Amino acid sequence: MPIIKSTSNANILKEAEILRDKLISHGIEAEVDASDITAGKKFHIWEIKGVPVRIEMGEKEVAENTYTIFRRDQNKKYKIEKSNVVKVVEDLINKDIPKELLDKAKAIYSEKIVYVNNLEDAKTEIYKGRVAKAIWCEEKVCFEKISSLGPSIEPIGSLVGETKEGKCIACAKAASKLTLFGRTY
Ligand SMILES: [Zn+2]
């Protein structure tokens, strides 16, 4: 993201394009936004697009041999040495950001999903905004029984590779398929 003011236009833009090509040669998708709108608007547009890393380069950065990096996943900005930029971006894209997203997803997953073995508990948990994990037999009649717990409650996905010997939450027949129940919107 070149932050351009009239006098510095050509140099900063050139530098941005060189860096873009260098990143691309390292297998990183990169673009220069040289459009003529305010920096704030540019930042917003690219954040909405989901671009994980922004490199800001303005007169100050270029003079100090630094760039400002913005990490979308942490909503944080910090300065880096110009000479490290490719390594920093590679680490962010390939390691740090995927790990952060995975950790967040895992935390949400474990907090939201609660194992239950009866319909009453399933209903209670779902009404608390959680997802109930339970064994069921996959029969239509049980689907209906579970769905009748409340508006838009239904099985929302089975857990691939996860089974547990037990009884169907609805009919109490022996079953082993673990499924998530919750509200669908
Ligand atoms: Zn059943």
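Cys168 is buried, with a relative accessible area of 3%, where buried means under 20%, exposed over 50% and partly exposed in between, for a 1.4 Å probe and protein chains only. The model is predicted, so local features need pLDDT of at least 70 and side-chain atom pairs count only at pLDDT 80 or more, while totals for chains, interfaces and linings use all residues. Residues are numbered from 1 along each chain as its sequence is written, and side-chain values use heavy atoms, with hydrogens and water left out.

**Exercise 1. Identify the protein donors of the zinc ion, and explain which arrangement their angles make.**

Step 1. The zinc ion has as its protein donors the SG atoms of Cys137, Cys142, Cys168 and Cys171, at 2.2 to 2.4 Å; donors are N, O and S atoms within 2.8 Å of the metal (3.2 Å for Na, K and Ca), and without water a site may look incomplete.

Step 2. The arrangement is tetrahedral because the four donor atoms subtend angles of 104 to 115 degrees around the zinc ion, the criterion for four donors being that all angles lie between 85 and 135 degrees.

Step 3. Along the sequence, the donor residues follow the spacing C-x4-C-x25-C-x2-C. Cys137 sits in the loop between β5 (131-136) and α6 (140-147), and Cys168 in the loop between β6 (153-167) and β7 (174-183), so this pair ties together parts that are 31 residues apart in sequence; helices (H or I, at least four residues) and strands (E, at least two) are DSSP runs numbered from the N terminus.

Step 4. Cys137, with a relative accessibility of 18%, also counts as buried.

**Exercise 2. State how the protein is divided into domains, and what separates their centres.**

Step 1. Domain 1 covers 6-106 and domain 2 covers 116-183, with bounds that come from an automatic or database domain assignment.

Step 2. Taken over C-alpha atoms, the centres of domain 1 and domain 2 are 45 Å apart.

**Exercise 3. Describe the largest cavity and the largest pocket, and determine which elements line them.**

Step 1. On a 1 Å grid over the protein atoms alone, a cavity is a set of points where a 1.4 Å probe fits but cannot get out, a pocket is an open set with protein on both sides within 12 Å along at least five of seven lines, and lining residues have an atom within 4 Å of a point.

Step 2. There is one cavity of 30 Å³ or more, and the largest cavity holds about 40 Å³ of space. Its lining is made of Phe43, Trp46, Glu47, Val51, Val53, Arg54, Phe70 and Arg72. Two or more of these residues come from each of α2 (39-49) and β1 (53-56), and α2 gives the most, with three residues.

Step 3. The largest pocket has about 480 Å³ of space, a volume being the space filled by probe spheres set on grid points that are joined across faces, edges and corners. Of its 21 lining residues, Glu29, Ala30, Glu31, Val51 and Val53 lie nearest its centre. At least two lining residues are supplied by each of α1 (9-25), β1 and α4 (85-112), and the largest share, four residues, belongs to α1.

Technical notes
Tetrahedral: all angles 85-135°; square planar, octahedral: opposite > 155°, others 65-115°.
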